[in-house]
Number of protein chains: 2
Amino acid sequence: MSRLLEDIVGELSRLPGIGRRTALRLSLHILRMEPGPVHEMAGAIERFRNEIKYCSRCNNLSDRDVCPICLDADRDRSTVCVVESVGDVLSIEGTRQYGGLYHVLGGVISPMQGVGPSDLKVDLLLDNIARGEIREVILALSTTVEGETTQFYIARRLASFEGLKVTSIARGIGFGDEIGYADELTIAHALHNRISIEKE
Amino acid sequence: MSRLLEDIVGELSRLPGIGRRTALRLSLHILRMEPGPVHEMAGAIERFRNEIKYCSRCNNLSDRDVCPICLDADRDRSTVCVVESVGDVLSIEGTRQYGGLYHVLGGVISPMQGVGPSDLKVDLLLDNIARGEIREVILALSTTVEGETTQFYIARRLASFEGLKVTSIARGIGFGDEIGYADELTIAHALHNRISIEKE
């Protein structure tokens, strides 16, 4: 096998979910691309790794010191949505239903994986709240044991701020999910947090 | 969304089978890699595209003018296995059951996709056979209409070489396949080409 082919297949198989067979398929596709676009792809990968910054206010990925969301004057600066990762920001932005700010923790508390509270950007969140503009903190964390632990920890840290509303996104049956396949905890949550159906 | 993140996600989503969600996941993985390995990955992609050559004898991918398989003195130079693509060479090499040479056609005849006989490296194959060392040509093409058409075309072109053995890899029921799920053409082939079971 050609060394150049061996190299690209080896490098692409480092990526999660990409085995040697997929890496080979991707490599043969790259071979059929024009040199210009391949140069752009390789450049985008390296620039992203070397030049990306974390927003000094919300810890989201950013090209500059402060991210465009934090700088956007049209966004509601009284609400901050706390998420685990950059991907969650993109998911929530994708809904086009949220106009407030974000705060990216950079993970969840997980003793199994050696992630403690001090590894998360919780102090930065408290500093932001201490400035006084924020009225509501929405916790949008995973419904895993780690997510619930993190939610409990942050809610406790936020308890000292008087008048600050702390909420959690709703737990319930997802759209397209069947009740028969949902676990009991989810069903219990969904029952407990039932909402009134508006009458015609 | 950060421009650097938008760039890498956009570039990775150009690859087949990689949507924006997967591209984002890969990008966040790249973010956690050290700069050195990311530099190596980007370099391997670009070097592969810019420096890879096609073997002047067998049309396989190669770092040099002639590929290592064609140069390997230990391989059986009297047998050539004709395949569609570089990936097929790797699949057959993976079996460690074949010690002859290869010939990569670079596709199959497909009028639907505008691929005619002149787009394939058939003349190069005939030139190689004309040198007189090759005794057997094994056609290892897909069992699609295009593959069968290509096999028929090449077999006809090879008919003029006296004493040249032209074979096709066996068609039959694959290992792990159930007869009940095999199509009738495959079952008919498998029946017709049945092999004797050695008696103890």
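# A tour of two chains

Welcome! Begin by selecting S3(B), H5(B) and S4(B): together they form a right-handed β-α-β unit. A crossover counts as right-handed if, with the strands pointing away from the viewer, the path from the first strand over the helix to the second runs clockwise. Helices (H or I, at least four residues) and strands (E, at least two) are DSSP runs, numbered from the N terminus.

Before moving on, a word about what is on your screen. This is a predicted model, in which local features need pLDDT of at least 70 and side-chain atom pairs count only at pLDDT 80 or more, while totals for chains, interfaces and linings use all residues. Residues are numbered from 1 along each chain as its sequence is written, and chains are lettered from A and ligands numbered from 1 in the order in which they are written.

**Stop 1: the sheet of chain B**

Two strands pair if DSSP finds at least two bridges between them. Which residue stands opposite B:Val83 in S4(B)? Click on B:Val104 to find it.

Next, select strand S5 (residues 136-139) of chain B, which runs parallel to S3(B) and is joined to it by four bridges. Here B:Val82 has B:Leu139 of S5(B) as its bridge partner.

Now show the whole open sheet of chain B: four strands in the order S4-S3-S5-S6, with parallel pairing. S4 and strand S6 (165-168) of chain B are its edge strands, each pairing on one side only. From one strand to the next, the twist averages 25 degrees; axes are lines fitted to C-alpha atoms, for helices over the stretch in contact, and angles run from 0 to 180 degrees between N-to-C directions.

**Stop 2: over to chain A**

Chain A has an open sheet as well, with four strands in the order S4-S3-S5-S6 and parallel pairing. Strand S4 (100-104) and strand S6 (165-168) of chain A stand at the edges with a single partner strand each, so one side of each lacks a neighbour in the sheet.

Then colour chain A by domain: domain 1 (3-51), domain 2 (76-169) and domain 3 (172-200). These bounds come from an automatic or database domain assignment. The centres of domain 1 and domain 2 of chain A, taken over C-alpha atoms, are 35 Å apart.

**Stop 3: where the chains meet**

Show both chains. How many residues of chain B are in contact with chain A? There are 41, and they touch 41 residues of chain A; a contact means that the C-beta atoms, placed from the backbone, lie within 7 Å. On the side of chain B that touches chain A, H3(B) supplies the largest share, 14 residues.

**Stop 4: the axis**

Finally, a rotation of 180 degrees with 0.0 Å of shift along its axis superposes chain B on chain A (RMSD 0.1 Å). The two copies are thus related as by a two-fold rotation axis. Copies are superposed by least squares on the C-alpha atoms of residues with pLDDT of at least 70 in both. To find the axis, select B:Ala42: among the residues of chain B, its C-alpha comes closest to the rotation axis, at 2.3 Å.

Notes. Contact = placed C-beta atoms within 7 Å.
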